[in-house]
Amino acid sequence: EGLVYQDAVLYESDGGRQTESTGRSSLRKTDLKTGKILKMVENDPKVFAEGISIVGNKIIQMTWTEKIGYVYDKSTLKLLSTFNNNVGIEGWGMCFDGEKLYLDDSTNRIWFLDKNTYAQTGYIDVYDDKGPVNQINELEYIDGKIFANVYMTDDIVVIDPKTGVVLQKIDLSSLYPDKLKNNPNADVLNGIAWDAAGKRLFVTGKKWDKLFEIK
């Protein structure tokens, strides 16, 4: 549900409730080269975790329908605090531009949040040439633009964060065509991470067994 890369480490937020086959949600630090989980904490079994962002030495994690946000120490994954997320319909994807957080909510709206209080400070609505682009999901801020998965599709859209206009669309339907043969539980494309120093883009999907580096 959430994917961020920083300092050779992938930070992953995966969703699930204890009553579901997916098991409970967790927050993980994963070694990029080996895929080994370096550190993991599990969420409350009743909570479905969603997007994450790194702000300084903290990780901010949202939840899907529970209206709860979590704040962790980035190094230890120790839970520091929680807060009420009353922004939008649900909690989906997140990203951070160095000044403010972006959060989407299952619609075509992307909310702006204060990086310290997590309160709403504004929003944009996402449109392409055909109309509103709904179900904007996992987000990544890359060189002044927002890259976003569109839920239930193999598309990533590139969004102007000032206007909400879709500047580009990336069709990744051919990226992993045989994923169901390798992993019958594999679901939609969902996960974008950017290595700012190395200029590398990583993508994956729900329950995928692979992470791809793409140009």
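Predicted model: local features only at pLDDT ≥ 70, side-chain atom pairs only at ≥ 80, totals over all residues.
I then followed β17 to its other neighbour, β18 (residues 166-171), and found an antiparallel pairing with 5 bridges, in which V166 is the bridge partner of I159. The hairpin of β17 and β18 has 6 residues between the strands, and here G164 is a residue with a positive phi, near 85°.

Next I checked burial along β17 (residues 155-159): 5 of its 5 residues are buried, so the strand is largely enclosed by the rest of the structure. I recorded that D155, V157 and I159 point one way while I156 and V158 point the other way, and that all are buried.

I turned to the charged side chains, where the count comes to 12 salt bridges. K206 and E1 meet in one of them, at 2.8 Å from N to O; the pair links distant parts of the chain, 205 residues apart, with K206 in the loop between β20 and β21 and E1 in the segment before β1. K206 is buried at 17% relative accessible area, and E1 is buried at 14%.

Around R200 I found a salt bridge to D195 at 2.9 Å and another to E213 at 4.0 Å. R200 lies in β20 and E213 in β21, so this second pair ties together parts 13 residues apart in sequence. D195 is buried at 8%, whereas R200 is partly exposed at 25%.

Note on methods:
Residues numbered from 1 in each chain as written. Heavy atoms only, no water. Buried < 20%, exposed > 50% of the residue type's maximum accessible area, 1.4 Å probe, protein only. Helix = DSSP H or I, 4+ residues; strand = E, 2+ residues; numbered from the N terminus. Pairing = 2+ DSSP bridges.
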